[in-house]
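Dear colleague,

I am passing on a structure that may be new to you, and below it you will find some notes on what was found. Please read them with the structure open beside you.

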Amino acid sequence: MDKKYMRSRNRADINRVSARCLRVVVYFLLLFYAYLLILNDYDIPIISVSFGACVILALIPGMMVSLFKQEGKRYMQHVILWCTVLISTILITQLNQIAYPFILFPLLLASLYYNRTFVLYTSLLMSAGILGSAIFQIYFPALTLKPLFRAFDGNFAEIIIPMIMIEVVMSFVAYYIVGRNSLMIDKYIDTAVTMQENENYLIYAFSEISENKSKETGEHIRRVAEYMKVLGHASGFDPEYCDKLAAGAMMHDIGKLMIPEEILDKPSKLTEEEYQIMKSHVLYGEALLKDCPGEIMQIASILAKEHHERWDGKGYLGMKGKEIAYIARMISVCDVFDALTTARSYKKGWTVEDAYEEIVKNSGTQFDPAVVRLFISNFDSFKEIHKRIPDKKIY
């Protein structure tokens, strides 16, 4: 997680809120349209076309967010702004004084984005909309329900100039408020990022304690964390959750803290009794983490417990197929790949190509075939991580 990502996520959240606000506007427009029809005091075709255009404009942002998942795009705030300004302009053109409060609606939405420049930009657009509305009434009176302006006379100046002044004054008020709120948001983001970095550092330090017991595992936890991040992105998880997966993955072997060193470092094959003790590290890991608060710790608890499970049910705890959490099926591939390519006290490390063949060969037995397919399509990233984070001998 970094500041750029958090600001992007904040913008996406605001885009969703703004799109929902415009959906509420749709209901208001439909109710008001029905009210005008009941009055039967207006030209029905002009009302229908004007309100129909407003409804379409109000639905565009919602469709882009809900159907096309564009809420994270920077241009979405401009789409929302233009739709809102156009709706307000159409309403004040056709309804005049009745709709004048709507001139502040675009400014309210712009204030959500904690961007002072965006507020001034909105004010400029809405002022242009107010002026354009009056000019439209003068030149196209037949397309206007009840034109308020017939010429560029005193009436024009007496109404339009105060409206634009109200818009400008309110934009400076919003400018000041947004400036203050923007500083608060930046402080919050800085604090959140710092806390996340500190948490990740503590998680790594804590995890390294368990790894240091075996003397030779070195950068195993870093690599497995990076492999998990690759598979997380390939699985379609958002960047924040991928970071949490990586942090949780670093603690998958935390249960080894409870295993005697003579078993962890034994150069020869373990006896059956020793093997049963070694297997218990998954339950120790779960016990250490399951009651810890926070999503990362809950992820870590699942990975600690299930990272030695097999797709065919022949793992440590006998879980099989989709009984095993998807993230545990992911770390199974990552952990085995790293174990194969890393030298241990009892074996030499395999080449990445040989490890690749072993993972593929065991698809459908040891590993989830869907995860193996992701591994295959992202193998170049695995090789890059293996090369970038070489093992270090721990003495």
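This is a predicted model: local features need pLDDT of at least 70, side-chain atom pairs count only at pLDDT 80 or more; totals for chains, interfaces and linings use all residues.

A polar contact here is a pair of N or O atoms within 3.5 Å, where, within protein, one must be able to donate a hydrogen and the other to accept it, and where residues adjacent in sequence count only if both atoms are side-chain atoms.

Residues are numbered from 1 along each chain as its sequence is written, and side-chain values use heavy atoms, with hydrogens and water left out.

Helix α8 covers residues 239-249, helices being DSSP runs of H or I with at least four residues, numbered from the N terminus. Nine of its 11 residues are buried, that is, under 20% relative accessible area with a 1.4 Å probe and protein chains only; among them are Glu-240, Tyr-241, Cys-242 and Lys-244.

The axes of α8 and helix α12 (residues 295-306) come within 8 Å and cross at roughly 55 degrees, where axes are lines fitted to C-alpha atoms, for helices over the stretch in contact, and angles run from 0 to 180 degrees between N-to-C directions. The two helices are therefore oblique to each other, the term for angles that are not under 35 degrees (roughly parallel), over 145 (roughly antiparallel) or 65 to 115 (roughly perpendicular). In their contact, meaning heavy atoms within 4.5 Å, the residues include Tyr-241 and Leu-245 of α8 and Ile-296 and Leu-303 of α12.

A second pair is formed by helix α13 (residues 326-341) and helix α14 (residues 352-361), which pack at an angle of about 140 degrees with their axes 9 Å apart, and α13 and α14 are therefore also oblique to each other. Among the residues that meet are Val-333 and Phe-337 in α13, and Ala-355 and Tyr-356 in α14.

Two single residues complete these notes. Gln-137, in helix α5 (residues 116-139), counts as buried at 2% relative accessibility, and a polar atom of the Gln-137 side chain lies 2.7 Å from the backbone nitrogen of Leu-148. Lys-279, in helix α10 (residues 272-279), is buried with a relative accessible area of 18%; Lys-279 and Gly-315 are 36 residues apart in sequence and 9.7 Å apart in space, C-alpha to C-alpha.

With best wishes

Technical notes: Buried means under 20% relative accessible area, exposed over 50%, partly exposed in between (1.4 Å probe, protein chains only).
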